[in-house]
Amino acid sequence: MHQLHPNLSQDNAGIPPQIEDDRTGIHVETLKRAFADNLMYVQGKSLATASRNDLYMALAYTVRDRLLQRWLKTAETYQAQDTKFVYYLSAEFLMGRQLGNALINVGLYDRIQSAVKEMGMDLNELLENEEEPGLGNGGLGRLAACFLDSLATLEIPAVGYGIRYEFGIFDQEIRDGWQVEIPDKWLRFGNPWELPRPEDSVSVKMGGYTEATYDAEGHYRVIWHPENTVRGIPYDTPVPGYDTYTVNILRLWKAEAGEEFDLDAFNAGDYLGSVSDKMASENISKVLYPNDNLPQGRELRLKQQYFFVSCSLQDILRSYLRHHDSLEGLPAKAAVQLNDTHPAIGIAEMMRLLVDEHGIPWERAWDITQQTFAYTNHTLLPEALERWPVSLFGRLLPRHLEIIYEINFRFMDDLKLKFPDSADLLERLSLIEETPNKSVRMANLASLGSHAINGVAALHTELLKEGVLKDFYTLFPEKFSNKTNGVTPRRWILLANPELANLITSKIGSSWTTHFEHIRNLEPFVEEAEFRANWRAIKRSNKIKLAHVIQGRNHIHANPDSIFDVLVKRLHEYKRQLLKVLHIITLYNRLKANPNCDIVPRTFVFGGKAAPGYVTAKLIIKLINAVADVVNRDPNVRERLKVAFIADFNVSLGQHIYPAADISEQISTAGKEASGTGNMKFSMNGALTVGTLDGANVEIRAAVGAENFFLFGLKTPEVAAYKAQGYRPITYYQQDAELREVIDRIRSGDFSNGDANLFRPLVESLLNQDTYMLMADYRSYIDCQDEVDQVYLDQERWTRMSILNATRMGSFSSDRTIRQYCDEIWGVQSVKIQYE
């Protein structure tokens with residue numbers, strides 16, 4: 001049961017349900033009336049004629065109604081107190097389904113469940129009917145969503161800004177083992193959570209040319225004459241805090257043509273031409289991360305980034321100027337956070353707005369910009385630090401290229417005075433990469449234009465200082481800090497694992513939901529046999545539920561008494577899904593050699609999407625499914641190994657998977673993963689980690705205890721040393737018989753119907769390059785997994801380790817992360833919302 005929040009239980013407490021306001025009342029009878037009202041007057045249906053989607057929509061509107069009054073009260077309070085805001089700019093917001101989360105956060109879950117049941121419906125069926133917005137592809141977008149939840153829960157004035165992608169990332173189907181991308185039509189039945197705000201639309205210029213001139217007072221000015229103008233239409237989604245009356249907003253921008261319809265062209269018979277501007281403009285907000293293997297895709301990605309950043313900054317300045325006469329005090333009222341390098345164009349756009357649109361002198365505009373912006377870096381891969389060709393940049397954003405050149409000129413001038421004999425240093429710090437094909441370095445722009453730079457795990461931050469941002473750290477050490485990522489326990493335990501949440505609350509009370517460090521108070525119960533038995537029973541219950549999902553989606557029987565060994569995350573070579581496949585084939589080979597060998601049964605669960613143009617990642621998905629085909633059907637295996645790749649992994653699937661996992665695979669090459677947040681969700685739900693010392697794994701291992709973490713693999717300095725010494729992966733193939741048998745089985749065509757060429761690119765890469773050191777880590781990984789088997793056989797020991805993993809995760813809540821941002825970077829205070 002999801003208990004009603006103490007403060008919410010006072011709302012309308014003395015009002016009989018028959019006279020409660022149907023839009024705000026919380027008694028069961030009132031909720032039933034409100035549902036019927038929305039079904040009839042919003043959906044235009046009766047219970048007799050309604051589809052399941054109609055029922056879901058009516059329920060969603062009923063819950064949204066109860067957010068709107070809080071939303072308006074929140075906005076009024078912020079305005080009256082002239083508060084400082086956090087503006088969180090992110091290309092991704094992987095929010096997940098809204099209805100269940102809203103019910104949890106406002107404390108209405110049980111009452112809505114009762115109301116729905118009394119009307120003859122099942123709440124779980126209605127929750128499953130919600131389309132999940134595909135507005136992200138992994139940890140970056142899910143982190144942004146967790147942060148919005150924590151900002152509202154901590155009563156921090158905040159707005160999330162992003163793009164309202166019409167088709168999101170893509171829906172993933174598996175056909176003949178291959179990933180196939182299907183348009184994600186998440187908006188096809190409407191979105192009851194958003195409110196369009198066309199009156200707040202803004203215009204975004206693109207292309208054209210600039211003209212230098214002087215104004216009447218003799219000041220130098222630049223006028224941008226754009227080739228076209230796109231309108232940005234904001235759509236607002238309420239973000240309710242947990243056990244608080246704060247409702248912040250997520251504002252997503254939709255692109256529309258400045259002039260949607262050319263009547264002259266239509267009348268002249270040019271029917272396509274009459275709407276060509278409309279189609280070209282709307283493409284900007286069509287799809288998340290268009291394939292950038294083609295020039296058109298790269299241009300569209302740059303358009304997307306500039307579009308949402310320009311819309312957002314114009315909106316921020318407009319909001320500020322409603323209550324202030326000058327932009328001089330902007331940094332005292334606005335903290336703009338760049339979530340990775342995608343929004344880094346915001347530095348140049350803010351300068352354009354301040355200098356060109358508002359007439360602020362350059363030096364003062366630069367001070368305002370630097371004091372307002374902060375930058376979170378999320379990658380250690382140099383190739384992921386965005387660079388844009390100067391030719392493309394100049395054609396699409398001519399004024400911004402001029403501004404970047406001016407920023408760079410002044411920066412280089414200063415550096416020449418400080419480091420007159422350091423041409424190499426200047427070259428590395430320059431905002432322009434001076435290669436034959438010149439490019440703009442967006443990470444350099446973000447680092448220079450922000451007053452704070454942070455990494456997202458302790459190791460990641462140190463590696464930033466030593467690696468990709470070393471020179472900026474040398475110049476500006478005071479800018480750098482670490483903010484280890486976190487996740488919200490509301491979605492990932494309360495909503496995803498209600499049985500475990502109830503067990504925790506029954507032992508230590510409910511304060512852990514907003515003060516997750518209190519979860520440590522659960523640790524003494526590890527000594528109680530009954531508590532351990534209950535813990536095991538809940539884990540098995542969750543495994544049974546996931547087994548039903550696997551049966552329904554993959555038609556594979558998963559034994560809930562087997563080890564559920566899980567690797568779900570975005571497909572990338574450095575995340576090393578391929579290493580997991582090598583382990584599966586190793587176990588398969590052992591069974592083929594001796595069908596009677598003693599092996600602990602395992603169910604291997606994979607999930608994750610590959611970028612449409614990422615050929616190697618898609619080939620790895622094919623291999624996973626090919627191995628699954630062979631292993632699952634081989635009679636020698638006798639149900640001891642099962643492999644399932646669950647297609648279209650998303651937040652909703654994660655809510656089934658994280659609570660059911662026994663093993664959390666966090667096996668990236670050391671020094672490559674920035675943080676990881678899936679590792680936190682698994683551990684909070686009692687999974688044990690098999691991992692390298694990479695990203696937040698380092699801090700998780702320190703928190704839960706080395707004895708409760710399965711460590712393997714090279715450390716970051718060792719990876720660098722191996723590479724420096726001339727790493728030869730084929731040596732491991734030659735010296736390790738089991739590894740050789742695994743590689744040979746793939747190479748022979750055993751998993752490809754005899755086709756020895758299908759997986760040849762993977763085999764050749766492993767033997768000759770092995771960029772991510774799978775061969776070097778293979779034996780350590782296999783030995784570690786053998787240890788896992790032995791520990792699992794001792795269920796009492798395993799349960800203790802599981803409990804200690806969960807109870808020692810208190811510092812990995814996104815609430816803690818947000819408090820650190822507020823105190824150390826943003827300088828923002830909480831604002832209490834009084835609900836009347």
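Predicted model: local features only at pLDDT ≥ 70, side-chain atom pairs only at ≥ 80, totals over all residues.
Colleague: Why are α21 and α28 called roughly perpendicular to each other?

Modeller: Helix α21 (residues 577-593) and helix α28 (residues 737-748) pack at an angle of about 100 degrees. Angles of 65 to 115 degrees count as roughly perpendicular. The pair is therefore roughly perpendicular. Their axes are 9 Å apart.

Colleague: What makes the contact between α21 and α28?

Modeller: Contact means heavy atoms within 4.5 Å. From α21, the residues include Leu-582, Ile-585, Tyr-588 and Arg-590. They meet a set in α28 that includes Glu-738, Val-742, Ile-743 and Arg-745. By class, the contact has six nonpolar, two polar and five charged residues.

Colleague: Why is one side of β13 and of β14 left without a neighbour in the sheet?

Modeller: The order is β13-β15-β14, in an open sheet with antiparallel pairing. β13 (387-389) and β14 (432-433) each have a single partner strand, so they stand at the edges.

Colleague: How do you know that β13 and β15 pair?

Modeller: Two strands pair if there are at least two bridges between them. β13 and strand β15 (residues 439-441) have three, in the antiparallel sense. Pro-389 stands opposite Ser-439 in β15.

Colleague: And the sheet of six strands: which stand at the edges?

Modeller: The order runs β20-β19-β18-β21-β22-β23, with parallel pairing in an open sheet. β20 (641-645) and β23 (710-711) stand at the edges, because each has a single partner strand.

Colleague: What makes β22 and β23 a pair?

Modeller: The cut-off is at least two bridges. Strand β22 (residues 688-691) and β23 have two, in the parallel sense. Here Gly-691 stands opposite Leu-711 in β23.

Colleague: Which helices lie across these strands?

Modeller: Helix α20 (residues 529-554) lies across β18 (563-568), β19 (602-607) and β20. Its angle to β20 is about 65 degrees. Helix α31 (residues 795-807) lies across β21 (663-666), β22 and β23. Helix α31 runs at about 85 degrees to β22.

Colleague: How many cavities of 30 Å³ or more does a search of the whole structure find?

Modeller: Six. A cavity is space where a 1.4 Å probe fits but cannot get out.

Colleague: What lines the largest cavity?

Modeller: There are 14 lining residues. Met-95, Gln-98, Asn-101, Val-239 and Arg-491 lie nearest the centre. The elements giving two or more residues to the lining are α3 (99-106), α6 (139-153) and β9 (228-240).

Colleague: Which classes make up that lining?

Modeller: Eight residues are nonpolar, three polar and three charged. Met and Val count as nonpolar, Arg as charged.

How values were computed. Residues numbered from 1 in each chain as written. Heavy atoms only, no water. Axes fitted to C-alpha atoms, helices over the stretch in contact; angles between N-to-C directions. Helix = DSSP H or I, 4+ residues; strand = E, 2+ residues; numbered from the N terminus. Parallel < 35°, antiparallel > 145°, perpendicular 65-115°, else oblique. 1 Å grid on protein atoms, 1.4 Å probe; cavity = no way out; pocket = protein on both sides within 12 Å on 5 of 7 lines; lining within 4 Å. Points joined across faces, edges and corners; volume = space filled by probe spheres on them.
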